[in-house]
Amino acid sequence: MFGLCWMQKVLFVVEKAMCSEDRRQDAPHPLSKIPGGRGGGRDPSLSALIYKDEKLTVTQDLPVNDGKPHIVHFQYEVTEVKVSSWDAVLSSQSLFIEIPDGVLADGSKEGLLALLEFAEEKMKVNYVFVCFRKGREDRAPLLKTFSFLGFEIDEKLTVTQDLPVNDGKPHIVHFQYEVTEVKVSSWDAVLSSQSLFIEIPDGVLADGSKEGLLALLEFAEEKMKVNYVFVCFRKGREDRAPLLKTFSFLGFEIVRPGHPCVPSRPDVMFMVYPLDQNLPNEH
């Protein structure tokens with residue numbers, strides 16, 4: 001979805017397990033449910049064979065077109081008697097893997113390396129994400145293991161996306177940035193036509209909002225490869241002047257009427273942060 005030509009491995013260390021069916025909308029994970037990475041105890045379902053060679057077998061649960069996440073299973077034959085199994089969710093050209101509590105099974109590294117190679121060469125995904133609870137006792141060795149495998153860690157920024165994402169509805173993306181240990185900046189955005197749209201609610205911006213927005217802009221530019229980030233707010237609000245000053249300082253510019261990416265709303269002011277310098281200057 002983001003038009004990258006390479007795959008990046010990203011490690012998220014999360015506050016809590018992400019397999020709860022009744023997760024809150026702002027829970028720090030992009031999927032409503034991720035199967036355990038080692039593949040034990042998943043619900044039985046029909047699977048389609050995607051790929052098979054002497055070592056690696058890749059299957060995908062059916063059906064895959066009803067708005068549910070695409071569950072992909074990887075089985076790698078480490079030895080004649082040892083198999084490494086990993087389950088992942090495929091969404092928006094990315095793979096998401098949750099690492100369950102407990103010691104990684106023997107051969108897990110070899111299986112994960114085979115998964116990464118297949119994801120890059122055959123599936124052409126942009127990212128492979130892994131996540132696990134921050135509070136687990138083996139956090140330090142896990143960080144070392146995944147860093148050695150080429151994963152990058154981001155303990156400050158968490159980006160989630162509402163599901164489903166393939167039924168024609170806008171893609172709602174949530175950004176949570178840890179400003180301090182006790183302060184979190186939250187921004188919600190709509191992803192549409194390679195642009196992010198953020199509506200600024202009435203009232204004073206929360207403390208730390210600027211830091212969170214700067215992290216959002218950096219992620220949008222470097223990871224999502226969007227063309228524009230738009231912010232909008234009511235023209236009649238009392239703090240319009242300081243808002244204009246704040247967003248201008250951050251690099252936003254006022255959008256002129258008639259911009260092709262902006263809806264016609266006379267009561268709303270739009271400002272844009274252009275990220276693709278090769279696009280025509282239409283704002």
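Which residues are linked in a network of salt bridges? Select Asp202, Arg234, Arg237 and Asp239, and you have them on screen. Keep in mind as you click around that this is a predicted model.

**Stop 1: the network**

Zoom in on Arg237. One of its partners is Asp239, and the closest N and O atoms of that salt bridge are 2.6 Å apart. Another is Asp202, where the closest N and O atoms are 3.7 Å apart. The Arg237–Asp202 pair links distant parts of the chain: Arg237 sits in the loop between β13 (228-234) and α4 (240-249), while Asp202 sits in the loop between β12 (195-199) and α3, 35 residues apart.

Is Arg237 buried or exposed? Arg237 counts as buried, with 5% relative accessibility. Asp202 is exposed, at 52% relative accessible area, and Asp239 is partly exposed at 24%.

**Stop 2: another salt bridge**

A search of the whole structure turns up 7 salt bridges. For one more, pick Asp106 and Lys82: their closest N and O atoms are 2.6 Å apart. Asp106 is in the loop between β6 (94-98) and α1 (108-123), and Lys82 is in the loop between β4 (70-77) and β5 (83-91), so this pair ties together parts that are 24 residues apart in sequence. Check the surface here too: Asp106 is exposed, with a relative accessible area of 59%, while Lys82 is partly exposed at 27%.

**Stop 3: the sheet**

Go to cartoon view. The chain has 4 helices and 15 strands. Look for the open sheet of 7 strands, which runs in the order β9-β10-β11-β12-β13-β15-β14 with mixed pairing. Its edge strands are β9 (157-161) and β14 (253-254), each of which pairs on one side only.

Stay with β9 for a moment. β9 and β10 (residues 171-180) run antiparallel and are joined by 5 bridges. Select Gln161 and look across: Val173 in β10 stands opposite.

**Stop 4**

Centre on Ile198 and show what surrounds it. Leaving out residues up to four places away in sequence, Ile198 touches Trp187, Asp188, Ala189, Leu213, Leu216, Val229, Phe230, Val231 and Cys232.

**Stop 4: helix α3**

**Last stop: the whole chain**

Zoom out. Of the 283 residues in the chain, 46% are buried. The accessible surface comes to about 15,300 Å², and 52% of that belongs to carbon and sulfur atoms.

Methods
Residues are numbered from 1 along each chain as its sequence is written. This is a predicted model: local features need pLDDT of at least 70, side-chain atom pairs count only at pLDDT 80 or more; totals for chains, interfaces and linings use all residues. Side-chain values use heavy atoms; hydrogens and water are left out. Two strands pair if DSSP finds at least two bridges between them. Helices (H or I, at least four residues) and strands (E, at least two) are DSSP runs, numbered from the N terminus. Buried means under 20% relative accessible area, exposed over 50%, partly exposed in between (1.4 Å probe, protein chains only). Accessible areas come from the Shrake-Rupley method with a 1.4 Å probe; for residues, only the protein chains shown count as cover. A salt bridge is a side-chain nitrogen of Lys or Arg within 4 Å of a carboxyl oxygen of Asp or Glu. Contact means heavy atoms within 4.5 Å.
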